[in-house]
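Subject: Structure for your review

Dear colleague,

Please find below the structure that I am handing over to you. My notes on it follow directly after it.

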Amino acid sequence: MYTRMNQRNLTSSQRTRFVEAVVELKRAGRYDKYVRLHAEYFAADGESGLRMAHMAPTFFPWHRQFLLVFERELQTIDPGVTIPYWDWTTDNKASSALWASDFMGGNGRRSDGQVMTGPFAYEAGGWPINYGVTSEKYLTRNIGRPDRPITLPTKAELNGALAIATYDVSPWNSAPSTQGFRNKIEGWTVSETKGGYLHNRVHQWVGGHMIGAASPNDPVFWLHHAFIDLIWVRWQRRHPASAYLPSRPLAAKDPEHGRVVSAQEPMPPFNVKPAAMKDHRRFYSYEEE
Ligand SMILES: [Cu+2]
């Protein structure tokens with residue numbers, strides 16, 4: 001078992017090792033499959049078929065497995081590396097050391113959003129965008145969305161969502177009326193023009209490639225989702241009597257039948273069930289525990 005650290009507590013050598021392992025994965029042609037996979041499983045409410053990574057109860061367990069597979073592959077390059085988490089309720093400014101040149105690099109420039117500093121800057125040569133929903137070859141960011149400014153979620157907002165005892169509620173999708181814990185954190189309960197809520201707003205706040213289905217093109221994706229994963233851990237501790245829902249496959253007459261996965265059904269493309277992902281301590285722990 002290994003520990004995932006708060007990114008603000010990493011030593012400078014830990015920062016460097018994480019970045020170097022990620023860049024090496026990219027150089028070896030082993031990174032972009034994660035971008036593609038995330039995009040392929042980004043089915044929305046309006047589309048047909050199973051919703052897996054987003055707008056569905058599997059949002060937490062699917063991303064837990066996704067991060068785990070990525071992390072294990074990083075560890076084939078450097079066994080000492082784990083995915084750090086970014087607590088955006090605390091490190092909530094563009095001036096945070098998260099965005100320094102030895103780590104995630106800085107904001108995109110004003111003219112075209114191109115990230116110009118750090119290991120993922122196009123000019124540095126190690127981070128071409130090969131698979132995107134747009135055509136830029138360079139990584140883009142638009143921190144804080146200056147044309148319609150938004151801020152990162154606060155501790156109070158996060159605590160409000162953590163107080164919800166029910167994991168998820170019918171119709172198990174992105175409807176603003178779905179007031180379960182999952183959608184409150186995922187963030188479809190507030191409109192995108194307002195930046196969305198919690199998880200979604202963080203994607204919008206970073207901007208550029210972090211918006212949309214190909215968001216793992218920006219390595220800060222992993223740090224954001226490690227914190228989302230930790231939020232699930234915190235929620236489980238606070239509501240020990242609550243569990244993943246739906247617990248059983250939906251009835252054939254349910255309009256969401258065949259669209260969402262219940263606790264004991266596998267989550268494609270992984271052959272694991274949400275119930276099997278419940279206890280993260282089988283795999284890792286968090287520094288704050
Ligand atoms: Cu996300």
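Helices (H or I, at least four residues) and strands (E, at least two) are taken as DSSP runs and numbered from the N terminus. This is a predicted model, in which local features need pLDDT of at least 70 and side-chain atom pairs count only at pLDDT 80 or more, while totals for chains, interfaces and linings use all residues. Residues are numbered from 1 along each chain as its sequence is written.

Backbone features

As a general rule, most residues other than glycine have a negative phi, and most peptide bonds are trans. Arg145, in the loop between α3 and α4, has a positive phi of about 50 degrees although it is not a glycine. Met55, also not a glycine, has a positive phi of about 55 degrees and lies in the loop between α2 and α3.

For burial, the other C-beta atoms within 10 Å of a residue's own are counted, with C-beta atoms placed from the backbone: 20 or more means buried, 12 or fewer exposed, and anything in between partly exposed. Arg145 counts as partly exposed because it has 16 C-beta neighbours inside 10 Å. Met55 has 25 such neighbours inside 10 Å and therefore counts as buried.

One joins Ser170 and Pro171, with omega about 5 degrees; Pro171 is found in the loop between α4 (155-162) and α5. The other runs from Leu245 to Pro246, with omega near 0 degrees, and Pro246 is placed in the loop between α7 and β2 (284-286).

Helix packing

Two packed helices are described by the angle between their axes and the distance between the axes. Axes here are lines fitted to C-alpha atoms, for helices over the stretch in contact, and angles run from 0 to 180 degrees between N-to-C directions. The axes of α1 (residues 12-27) and α3 (residues 59-77) come within 9 Å and cross at roughly 95 degrees. Therefore α1 is roughly perpendicular to α3 (under 35 degrees counts as roughly parallel, over 145 as roughly antiparallel, 65 to 115 as roughly perpendicular, and the rest as oblique). Ala21, Val22, Glu24 and Leu25 of α1 make the contact with Glu73, Leu74 and Ile77 of α3, where contact requires C-beta atoms, placed from the backbone, within 7 Å.

Helix α7 (residues 220-238) has 19 residues, which at 1.5 Å a residue should span 27 Å, in agreement with the 27 Å between its end C-alpha atoms; the expected span is 1.5 Å times one less than the number of residues. Of the 19 residues of α7, 14 are buried.

A nonpolar core is a set of buried Ala, Val, Leu, Ile, Met, Phe, Trp, Tyr and Cys residues joined through C-beta atoms within 7 Å. The largest one has 60 residues, and those touching the most other members are Trp86, Val220, Trp222, Leu223, Ala226, Phe227 and Ile231. Its largest share, 11 residues, comes from α7. Leaving aside residues up to four places away in sequence, Val220 touches Trp86, Met104, Val206 and Met210.

Ile185 lies in helix α5 and counts as buried because it has 23 C-beta neighbours inside 10 Å. Not counting residues up to four places away in sequence, Ile185 touches Ala161, Leu198, His199, Ile228 and Ile231.

With kind regards

How values were computed
Two residues are in contact if their C-beta atoms, placed from the backbone, lie within 7 Å.
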